[in-house]
Amino acid sequence: MTRSSSELSGVLREGMDMARERLEETQERLNQAAETVREKGEEAWQDFAGYVRKNPGKTVAFSVGLGMLIGILFGRSSRD
């Protein structure tokens, strides 16, 4: 059983339409996910900035300690 070129053309068009629809749905989901990530990032940044403003001494002490730890770890790895 052979299909005519117009039948094949119709099947192809249908497939292309379905693919385009799926692509648009996927793009919309990705856009929504990106917006959610952006919003969560902004919330996290605001929380962090608020903590730093309320606790500057703790923040500086933590940063110094973390910097020392990283320095020690990198210092050891360069000697090995």
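**Exercise 1. Is Glu 42 buried, partly exposed or exposed, given its relative accessible area?**

Solution. The model is a predicted one, in which local features need pLDDT of at least 70 and side-chain atom pairs count only at pLDDT 80 or more, while totals for chains, interfaces and linings use all residues. Residues are numbered from 1 along each chain as its sequence is written, and side-chain values use heavy atoms, with hydrogens and water left out.

Step 1. Buried means under 20% relative accessible area, exposed means over 50%, and partly exposed lies in between (1.4 Å probe, protein chains only).

Step 2. Glu 42 has a relative accessible area of 44%, and therefore counts as partly exposed.

**Exercise 2. Determine which residues Glu 42 is joined to in a network of salt bridges.**

Solution. Step 1. A salt bridge is a side-chain nitrogen of Lys or Arg within 4 Å of a carboxyl oxygen of Asp or Glu.

Step 1. Glu 42 forms a salt bridge with Arg 38, and their closest N and O atoms are 2.5 Å apart. Both residues lie in helix α1, 4 residues apart, which is about one turn of the helix. Helices here are DSSP runs (H or I, at least four residues), numbered from the N terminus.

Step 2. Glu 35 and Arg 38 are separated by about one helical turn, because they are 3 residues apart in helix α1.

Step 3. Arg 38 is partly exposed at 40%, and Glu 35 is partly exposed at 33% relative accessibility.

**Exercise 3. State how many salt bridges the structure holds, and describe the one between Arg 20 and Asp 17.**

Solution. Step 1. The structure holds 3 salt bridges.

Step 1. In one of them, the side chains of Arg 20 and Asp 17 meet at 3.3 Å, N to O.

Step 2. These two residues both belong to helix α1 (residues 5-54), where they are 3 residues apart, about one turn of the helix.

Step 3. Arg 20 has 44% relative accessibility and so counts as partly exposed; Asp 17, at 39%, likewise counts as partly exposed.

**Exercise 4. Describe the surroundings of Thr 59.**

Solution. Step 1. Thr 59 lies in helix α2.

Step 1. Its relative accessible area is 18%, so Thr 59 is buried.

Step 2. The side chain of Thr 59 reaches the backbone oxygen of Asn 55 at 2.8 Å.

Step 3. When residues up to four places away in sequence are not counted, Thr 59 touches Tyr 51 and Val 52; contact means heavy atoms within 4.5 Å.

**Exercise 5. Identify the nonpolar patch that includes Ile 70.**

Solution. Step 1. Ile 70 is found in helix α2, which spans residues 56-79. At 38% relative accessibility, Ile 70 counts as partly exposed.

Step 1. Patches are made of residues with over 30% relative accessible area and no salt bridge; like charges are joined within 9 Å, and nonpolar side chains (Val, Leu, Ile, Met, Phe, Trp, Tyr) within 5 Å.

Step 2. The surface patch consists of Phe 62, Leu 66, Leu 69, Ile 70, Leu 73 and Phe 74, and together they have about 620 Å² of accessible area. Accessible areas come from the Shrake-Rupley method with a 1.4 Å probe; for residues, only the protein chains shown count as cover.

Conventions:
A polar contact is a pair of N or O atoms within 3.5 Å; within protein, one must be able to donate a hydrogen and the other to accept it, and residues adjacent in sequence count only if both atoms are side-chain atoms.
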